[in-house]
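Biologist: Let's go through some labels and check what stands behind each one.

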Amino acid sequence: MDDTLTLPGLDAPASISIDRWGLAHIRAETVHDVFFLQGFNAARDRLWQIDLWRKRGLGLLAADFGPGYLMQDRAARLFLYRGEMAPEWAAYGEDAEQICTAFANGINAAVDLVLAGSMPLPPEFEALGTRPAHWQAEDVVRIRTHCLSRNAASELARMQVHRLSDPETDLLRAPLSPPVPAEEWRQMARADLPANALAVYELATAPVTFSKERLAATLDEAGQWSQVDAKKTVHRAMEGSNNWAIAPGLTETGRAIMASDPHRQHAAPSLRYMVHLTGTGLDLIGAGEPSSPGIMAGHNGEAAFSLTIFCADQEDVMVYETTDEGRSYRYGDGSEHFTEVTETFAVKGAPDQKLTLSFSRHGPVVWNSGGTALAVRTVFTDPGSAPYMASLKSMRATDVGSFCQSLETWGAPSVNMVYADTSGDICWQPAAYVPRRSGWRGLVPVAGDGSHEWEGYFTAADLPGLRNPECGFVHSANEMNVPEGWDHDSHPIGFEWFEDGRADRIADMIGNGNARDVAGNCALQCDTFSAAAAGIAALVPEGALAPARDLLRGWDGYARDDSAAALLFELWLSRHLRPALLEVLAPDPDLRRFLVPGNIPTVLRALTGERPALAERLGDREALLAETLAAAWQEASERFGDDPAVWRWGDLHKGYFRHALTPLGTGHDVGPLSTGGSSTTVMLGHYDASDFRVHTGASVRMVVDVGAWDNSVWINAPGQSGVPGSTHYDDLAPMWAAGDYVPMRYSAEAVDAATVTRIALVPGV
């Protein structure tokens with residue numbers, strides 16, 4: 001099906017070819033037109049999503065949705081980039097401003113057509129009585145609050161746990177690697193902070209929620225939406241990714257392979273968006289976020305690249321002793337005034353509101369009461385830290401040297417980049433602005449009096465990297481991968497890494513020859529083996545309930561969707577064993593609320609005696625294991641019948657993509673979909689024990705055959721489109737749940753053969 005559209009702002013004729021899986025292949029004659037059409041196409045497929053993201057990030061929600069969103073607007077504006085634009089643009093490349101201008105203008109061209117009635121208005125606008133707004137180029141980069149945040153919330157939680165218990169107990173919440181000496185805790189600020197002292201910061205970085213009550217709120221009720229659900233922090237802590245690059249010597253074809261599956265919170269529409277951009281000097285295909293130009297994972301016809309989170313510490317909670325009735329704070333030998341900025345907030349159904357934003361020399365002030373104030377010192381407020389925007393440079397690199405050089409101005413988020421090219425080179429290179437801290441490690445709230453200052457940044461040029469290793473592959477899965485010999489005392493990078501076993505499993509599978517072709521790499525991305533689960537299952541005592549004991553002892557450790565043992569194990573771990581273990585180790589409920597659900601690797605170490613201080617407090621370990629396993633067996637029998645032969649993990653563990661308007665009864669959710677995996681498998685399927693819905697895992701998966709590009713494959717769940725009712729809104733979700741992929745067509749011939757809809761675009765006035 002062909003269509004022709006006249007588009008003002010376009011320089012020359014161009015086209016968008018949409019294939020049978022919803023991937024848009026954009027072909028244009030100039031770089032300007034490529035990114036203009038990328039913005040236009042993002043609005044064509046995801047207008048309500050990106051419009052909401054923009055309004056959230058700029059603090060403009062209340063104008064559309066009323067007083068219930070006023071406090072979230074204020075919080076978001078605290079964390080906007082407020083610096084000079086010249087160094088900001090320079091960090092992303094010499095043409096970054098021009099690219100973002102073209103991208104924003106492309107969005108605006110689509111908005112104009114929608115407002116004129118020439119393109120359909122997505123149904124969410126109609127449901128809420130709102131309309132899309134126009135963009136400016138600066139909107140693309142000034143918004144920081146959709147970036148993955150770091151450990152500010154963990155710092156505050158650690159302070160609370162240490163005051164109620166000890167550092168060993170806190171490892172049940174967040175293990176530290178490498179171990180941290182006890183004297184580090186003397187750095188903790190001397191202040192009595194409430195558990196919700198970072199509520200403003202958490203609100204600033206939270207997604208937008210909708211309810212009838214919030215939408216109907218009055219100005220007097222606006223304060224009721226000043227905090228978010230505490231579970232948000234747990235979900236965000238699980239967001240990670242896998243990626244790897246395999247050298248030609250370990251593949252069947254003699255070509256490199258690059259694989260990527262970023263893990264984030266599931267939602268409808270998907271966070272990620274696949275696109276193909278072809279123009280003068282450009283031929284890029286891969287995944288990005290629909291609100292940003294370019295791609296962050298994919299290939300450019302010469303080199304493939306992708307990223308995972310490198311768990312560097314890019315934040316600190318600064319604690320101030322205030323004076324002058326909270327208007328100033330002690331610094332050095334004197335004091336400084338907080339900088340106050342009064343801003344105007346439009347509010348639907350109410351007069352404009354003027355609210356004050358407060359800043360210290362370190363950053364936004366998020367709490368100020370009773371002689372103490374808090375600010376969040378974060379990389380994100382400095383130039384060059386717009387999330388993923390340095391991809392505009394790295395995505396165009398075609399050799400390993402220029403790729404690594406392009407990462408030297410990558411600010412945020414902190415990432416493990418892997419790379420593979422047609423010459424056979426592969427590499428791993430962390431990239432980030434990592435604060436240089438001297439004499440402290442950034443793990444607890446510290447005094448903001450000048451005693452704990454950053455001394456510049458480490459950049460990719462200072463961080464370790466690896467090119468063409470002898471083992472023949474590079475990989476990352478958010479693990480502690482700083483090489484042995486790094487001085488973590490004098491040059492601390494970070495201590496809160498993922499210890500879930502994914503990285504070891506990936507290395508074992510590649511090293512043992514199980515990922516020699518595209519199919520093998522797809523299988524590895526969908527691998528459901530959990531070494532942690534197998535380790536805990538091996539501890540089942542002889543005296544445990546016989547049928548439960550025998551089922552787990554005979555289990556191979558794979559959390560397949562059709563596995564009865566996986567169902568029993570995950571019920572046992574999540575609803576019985578971990579809660580019981582935490583109750584023994586943290587009998588004080590005020591303490592325990594900071595530790596739930598309990599870090600699985602630390603739980604295993606406590607059960608095996610690898611953490612002696614915790615193991616000694618467990619008491620009768622075998623009785624704990626047996627009693628909780630019996631309770632899990634009973635629950636499984638009550639929920640799924642007495643015959644374990646018919647139990648299936650996928651009957652409990654469901655993929656689910658929730659739409660933001662679901663609480664209003666719109667019915668745009670996608671799911672439930674039976675799926676395997678768990679919180680400790682390469683195919684991450686993280687869930688809450690309350691409902692076992694998978695809320696965090698891979699949305700996009702891709703495997704790239706470097707050089708034979710048309711052999712590459714991908715999947716994006718639930719679909720490419722963000723428009724409910726569209727063919728591509730949820731068409732990929734069943735394949736995602738089944739571990740299937742679709743072709744990643746790249747050559748002109750392959751793209752044309754797969755095209756279902758072609759939009760011919762001609763310049764207009």
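Modeller: Start with Ala-222. Leaving aside its neighbours within four places in sequence, Ala-222 is in contact with Pro-67 and Met-71. Contact means heavy atoms within 4.5 Å. This is a predicted model, where local features need pLDDT of at least 70, side-chain atom pairs count only at pLDDT 80 or more, and totals for chains, interfaces and linings use all residues. Residues are numbered from 1 along each chain as its sequence is written, and side-chain values use heavy atoms, with hydrogens and water left out.

Biologist: Where does Ala-222 lie?

Modeller: In the loop between α11 (212-215) and α12 (231-237). Helices are DSSP runs of H or I with at least four residues, strands are runs of E with at least two, and both are numbered from the N terminus. Ala-222 is 150 residues from Gln-72 in sequence and 9.6 Å from it in space, C-alpha to C-alpha.

Biologist: Why is Ala-222 called buried?

Modeller: Its relative accessible area is 4%. Buried means under 20%, exposed over 50%, partly exposed in between, with a 1.4 Å probe and protein chains only. Ala-222 is therefore buried.

Biologist: What makes Ser-306 buried?

Modeller: Ser-306 has a relative accessible area of 0%, so it is buried. Ser-306 lies in strand β9 (residues 303-309). Not counting residues up to four places away in sequence, Ser-306 touches several residues, among them Asn-243, Met-258, Asn-416 and Val-418.

Biologist: Why is α19 called oblique to α21?

Modeller: Helix α19 (residues 564-585) and helix α21 (residues 600-608) pack at about 60 degrees, with axes 11 Å apart. Axes are lines fitted to C-alpha atoms, for helices over the stretch in contact, and angles run from 0 to 180 degrees between N-to-C directions. Under 35 degrees is roughly parallel, over 145 roughly antiparallel, 65 to 115 roughly perpendicular, and the rest oblique. So α19 is oblique to α21.

Biologist: Which residues make the contact?

Modeller: Leu-573, Leu-577, Arg-578 and Leu-581 of α19, with Ile-600, Val-603 and Leu-607 of α21.

Biologist: How do you know that β2 and β31 pair?

Modeller: Two strands pair if DSSP finds at least two bridges between them. Strand β2 (residues 14-19) and strand β31 (residues 755-764) have 6 bridges, in the antiparallel sense. Ile-16 stands opposite Ile-759 in β31.

Biologist: What is the order of the strands in the open sheet?

Modeller: The 11 strands run β1-β31-β2-β3-β6-β7-β8-β9-β17-β18-β22, with mixed pairing.

Biologist: What makes β1 and β22 edge strands?

Modeller: β1 (2-8) and β22 (466-467) each pair on one side only.
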